[in-house]
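Student: Can you walk me through this one? I'd like to start with the strands.

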Amino acid sequence: MNHKKRILLTGALLASAVVSGLLIYTKANAVPVERVIHITAKNFQFSPDSITLKKGEPVVFEISSGDRKHGFSLRAFGVRSDVLPGKASRIRLTPDKTGKFTFSCDVFCGDGHEEMTGTVIVTE
Amino acid sequence: MSKFDRRGFIKLAGLGGGIVFASSLSRGFGLNALGSVVNYANAKVENDFYFVQLSDTHWGFAGPKVNPDAEGTLKKAVQAVNSLEEQPDFIVFTGDLTHTTDDVQVRKDRMSQFKDIVGALKVPTVHFMAGEHDASLDRGDTYQEAFGKLNYTFDHKGVHFIVVDNVSDPGASVGESQLNWLKADLKQQKADARIVVLTHRPLFDLYPDWDWSTKDGAAVIDALMPHKNVTVFYGHIHQENHHMTGHIAHHSAKSLMFPLPAPGSVPKKAPVPWDASAPYKGLGLRSIEADPKQAKYEIKEINVTGA
């Protein structure tokens, strides 16, 4: 093997090692995949209005409005967001307790606002 | 004979009213004294006065299973006030004068009809305030055209009244600008001034999952806290509730359209259905006897009947 071939082979081995190392590093440090839960607020209702989660499971609520400005408030976990037409609002949550928790619209939106609620159920 | 008797409340009390004593002082009054009796026989009364609170009239609401006399209840309340032998110094309406609607013209019509009905009150001085049903969908524009300012103050016989708007923001906040206005007003008041706050929503977290709170209500209470004699009267929750935050007493009023369940007592908040065996149950108005010298407020709940 001449000198030129040796350099090429060494380079290839080094590149392979770097790529493998990067793959191992990425896998070890990967952010857990978040489950995305789509929620629509429309006609004084959330859809779905009952959501089941697992304790410790990271989720993203992606909430959109089908008509007017609403709010989404899940007080038990201290999270809320305005929900505007034409723009999805995102709330990240990793529930740290089990139970049944109410979420509600906290922006007065009209006749029916008072009944605009839903439930998050967190299981073990 | 008590002042209430003299003022003809017995005529109405026969309809099932009750008395609650409330005080901005914490010396054995307030919540600890609910249902007790105060002897005013030896008290000086020259500065005493009383006013009537009506709340949550929701003019325009329709729901026969909830209130089959939706168009008559407010009129009966007006008659009840007019029938008092001694008229109150003034009347306050603590919000939700009308039921909400998306239609701006219908909103205007409801406010106009409401004004016509309460225009029959004999008492010339009536202080209005908005509820979220009146003001949240247009930030109070229509309300202000019909009734005037959303937040203001007035003074009466030694008591400083502050009307706080926690409804024109649909997110249920008082807001920084109004907080600054409140702080500036309070700065003009002595530490022992007799202060009554009139508002719609509770300023404390009564039950936020049911929208029974004010987002920045804690900041309002913080601003009031240095003043020794503060009492809050509000509406919104369609039932009596008496609560203390430190030395500040908070008293909610009944509705004149439909009652709501006790906080958190049912999975979903919804009006309590009409009870045909007890018409107008859970509805009512109240009188508030103010004793500025003692910073005491005697509350008497008065039911509405279809008599």
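Student: How many bridges join β9(B) to strand β10 of chain B?
Tutor: Five, and the two strands run antiparallel. Strands here are DSSP runs of E, at least two residues, numbered from the N terminus. Two strands pair if DSSP finds at least two bridges between them. This is a predicted model: local features need pLDDT of at least 70, side-chain atom pairs count only at pLDDT 80 or more, and totals for chains, interfaces and linings use all residues. Residues are numbered from 1 along each chain as its sequence is written, with chains lettered from A and ligands numbered from 1 in the order written.

Student: Which residue stands opposite B:N241?
Tutor: B:S252, in β10(B).

Student: And what order do the six strands of the sheet take?
Tutor: β5-β6-β7-β8-β10-β9 in chain B, an open sheet with mixed pairing. β5 (152–156) and β9 (241–245) are at the edges with a single partner strand each, so one side of each has no neighbour in the sheet.

Student: Switching to α4(B). Which residues are buried there?
Tutor: B:R107, B:R110, B:M111, B:F114 and B:V118. Buried means 20 or more other C-beta atoms within 10 Å of the residue's own; exposed means 12 or fewer, partly exposed is in between, and C-beta atoms are placed from the backbone. The buried residues of α4(B) fall within an arc of 95° seen down the axis, so they line one face. The arc is that of the directions from the helix axis to the C-beta atoms.

Student: Which residues are exposed on the other side of α4(B)?
Tutor: B:Q105, B:S112 and B:D116.

Technical notes: Helix = DSSP H or I, 4+ residues; strand = E, 2+ residues; numbered from the N terminus.
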